[in-house]
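Hi everyone, thanks for making time this morning. Let's get the structure up on the screen and walk through how some of its pieces pack together.

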Protein chains: 2
Amino acid sequence: MQAIQPHIDAVMGFQVAGTNVGLKRDGTPDFALFVSEGDCTAAAVFTTNHVKAAPVVVDMEHMETHRQRIRAVVANSKNANACTGEEGISVARQTAQAVADALACEPQQVLVLSTGVIGVLLDVERMKLGVQQGVPILGDDWATAAQGIMTTDLVSKLASVSVTLPNGATFQVAGVAKGSGMIAPNMATMLSVMVTDVVLPADALQMVLNTVNQKTFNSIVVDGDMSTNDTVLLLANGASGCQLQTADELAQFEQALYAVCRKLAQDIVRDGEGATKFITLNVKGCETDENARHIAHAIATSALVKTAFFGADANWGRIIAAAGRAGVPFSPDRSRLTIEGGELEHPTPSAVTIFAQGKPTAYSEADATAIMQQPSITIWLEGGLGTGQAQVWTCDFSYDYVRINGDYRT
Amino acid sequence: MQAIQPHIDAVMGFQVAGTNVGLKRDGTPDFALFVSEGDCTAAAVFTTNHVKAAPVVVDMEHMETHRQRIRAVVANSKNANACTGEEGISVARQTAQAVADALACEPQQVLVLSTGVIGVLLDVERMKLGVQQGVPILGDDWATAAQGIMTTDLVSKLASVSVTLPNGATFQVAGVAKGSGMIAPNMATMLSVMVTDVVLPADALQMVLNTVNQKTFNSIVVDGDMSTNDTVLLLANGASGCQLQTADELAQFEQALYAVCRKLAQDIVRDGEGATKFITLNVKGCETDENARHIAHAIATSALVKTAFFGADANWGRIIAAAGRAGVPFSPDRSRLTIEGGELEHPTPSAVTIFAQGKPTAYSEADATAIMQQPSITIWLEGGLGTGQAQVWTCDFSYDYVRINGDYRT
């Protein structure tokens, strides 16, 4: 596998476009098309929120019947088309129909994504305009397409990677994503469209996506809220002709998809609303992975922990207190909490253990504060109860989060 | 029952004191004593956090063996004596012993409360100093005692009420409490000491406290975090001689306790860290009360909902989205969301229904914004699935919450 790239040059057999249809008043892209020349197998993960936006409802139907031959994804920002009743469903269907008409395929071969404000009817004429404007300019401009799905994101999020198998066959995995509020794990999180030119049946594609999604998009927390629109899509058009026949080849594809999803997921956290710090939480030594996830989630969503990170205060008591209220077994007497600056897989000699055996160690407060002042911080919490573990990426909670969300609609 | 009072004049057979022992550097009270002349029956609710502070561990032991004859409560602020290992337990025990020595009772007849920063050893000499200073000044100065347990609270919280039974017997219920961060329902929340001069066995007292606590202290949310120290204590010394013998008399006591707890719980929310608005959330029409509580809690802890309240933005989509991710059945198509300014039990003609049957109504945005600009707002969310209901009191999420918690330790 080559190094992961923060851009997408071209993916065989896929064309994209981004354009403005008047949803964003500043004229920047608010609409995107992702089109495959031929039929794709597709995998998807959707929000588990009981309140599902119209495009999610429609996509679930389309995936049910047509996941072996998806052709396109159409997306808009600034309007979530959520809580818009039957009219909203109709708008999503008409949008798919407009794309299908332009591509001469069935509407069920088109998936629809929306993101933005909830409860405002999406003007279908704008979506039709987007199709009209977008189809003629379909090409390799992934950067503009990625902008088309941005809402409060400050930067666009793209990732791509190429893999050459031992037999010489080459394939690509590439994707775009958007954050950056209403982000929490244990669900399909935010919007992401990923594409690959590999040959893979829809069921296998879905299995790989489920595995990778759990470790990446489902392992990020910005604010603990879950959107009505969260969707991760993965299309495989087989254009490379590259078949994945051995377990090893499939593992290489999974690795490539993991690299892309991890990059996009971490980008979402880095660009979290108001975020000033990137935090990697490693919870280990729990009875089960599930328990470790609960503890990591409790810590990552704690407003007290997040504001302490913002204040560069090594207030480890809040981390331990959050772990204790996660609703799963946790023993402070067996626990050990270690922090270090940077993004690390394992602690190095400069790591500082601040809590062990039920009480603070004789750590230097100056060392701990120096770590907390760094832009990236890694935390290890060892529970001493088993081998279950989880990794979660999160950010701090700043004045800007309050500012951004105190006047998002207005 | 007379009207609830925001102060405590005197409660027969109880004496209190507040003093400074050097934990608060500005000389304001940081230590409090609550002493009964005779033995009390006692009831208690403790944090369900797996990480329990030393005083909670010690109190649970004392309640196990001595809940029929508790004599005193000793409390300090600025230091939670949590995550302090065996030494912390020893400090809590020595504190109880110091009070017992002064009152000539057993240490197990003393309950200990601490609140403040986690993980710093509490200096037992300061606690002994508090006993030394406090015992000679025991009296009716509840206002100073209430100050002794304040941390980031801006105002002290006191409530009292008198009840005269049809047979002419009179009793009192009074209490103090402190908030104002790490507050969430579904647990024993924050610190509160309540006293009554009624005659009631410990088991009956505990039953009444459990019922009332669930509807009051367990129904408030400031930030969704759960403390290691949350404790609610209720002591009954029987000094009034007032026996509660009929179901109706017991109900009058429960009503009085509810009035005191409700007042203190609401005071905690009003004084929530950085709070600018008081929000009453009524969730109705769920399959069970439990489900309604889950939905109310999801809304009350949502950072997106809370920042929208701060911004006076009637962003109802965030409320519906939070309800949808509560993990219990919720149907947007059957739901109805109504808002109104003020603290109300039922909507009046000036209430505005903004969402019904899966989509926004034709409400006036100006009306909704006018409601959101009020200091108190009541929300009704009708689920259309059953008769389960819950009421939760919460506050908004402001710049000041971030400021207060970004530099709490320093």
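Let me start with a question for you: is the crossing of helix 1 of chain B and helix 2 of chain B left-handed or right-handed? Take a second to turn the view. That crossing is right-handed. Please keep in mind throughout that this is a predicted model.

Let's stay with that pair for a moment. Helix 1 of chain B covers residues 54-66 and helix 2 of chain B covers residues 85-103; their axes come within 8 Å and cross at roughly 55 degrees. With that angle, helix 1 of chain B counts as oblique to helix 2 of chain B. If you want to pick out the residues, B:A54, B:P55, B:V57 and B:V58 come from helix 1 of chain B, and they meet B:G88, B:I89, B:V91, B:A92, B:R93 and B:A96 of helix 2 of chain B. Sorted by class, that contact has 8 nonpolar, 1 polar and 1 charged residues.

Now over to chain A, for another helix pair. Here helix 2, residues 85-103, packs with helix 3, residues 124-134, at an angle of about 20 degrees, and the axes are 9 Å apart. Because of that angle, helix 2 of chain A is roughly parallel to helix 3 of chain A. Helix 2 of chain A passes helix 3 of chain A in a right-handed crossing. On the helix 2 side of chain A, the contact is made by A:V91, A:Q94, A:T95, A:A98, A:V99 and A:A102, while helix 3 of chain A brings A:V124, A:M127, A:K128 and A:V131. The class count for this contact is 7 nonpolar, 2 polar and 1 charged residues.

Next, the sheet. In chain A, 7 strands form an open sheet with mixed pairing, and the order is 8-15-10-14-11-12-13. Strand 8 (220-221) and strand 13 (359-360) of chain A are at the edges with a single partner strand each, so one side of each has no neighbour in the sheet.

For strand 8 of chain A, that partner is strand 15 (residues 388-395) of chain A; the two run parallel and are joined by 2 bridges. Look for A:I220, whose bridge partner in strand 15 of chain A is A:W393.

Last stop: helix 6 (residues 247-270) of chain A lies across strands 8, 10 and 15 of chain A, at about 50 degrees to strand 15 of chain A.

Definitions and conventions:
Residues are numbered from 1 along each chain as its sequence is written. Chains are lettered from A and ligands numbered from 1 in the order in which they are written. This is a predicted model: local features need pLDDT of at least 70, side-chain atom pairs count only at pLDDT 80 or more; totals for chains, interfaces and linings use all residues. Axes are lines fitted to C-alpha atoms, for helices over the stretch in contact, and angles run from 0 to 180 degrees between N-to-C directions. Helices (H or I, at least four residues) and strands (E, at least two) are DSSP runs, numbered from the N terminus. Angles under 35 degrees count as roughly parallel, over 145 as roughly antiparallel, 65 to 115 as roughly perpendicular and the rest as oblique. A crossing is left-handed if the near helix is turned anticlockwise from the far one by less than a right angle, and right-handed if clockwise. Two residues are in contact if their C-beta atoms, placed from the backbone, lie within 7 Å. Ala, Val, Leu, Ile, Met, Phe, Trp, Tyr, Cys and Pro count as nonpolar, Asp, Glu, Lys and Arg as charged, and the others, Gly among them, as polar. Two strands pair if DSSP finds at least two bridges between them.
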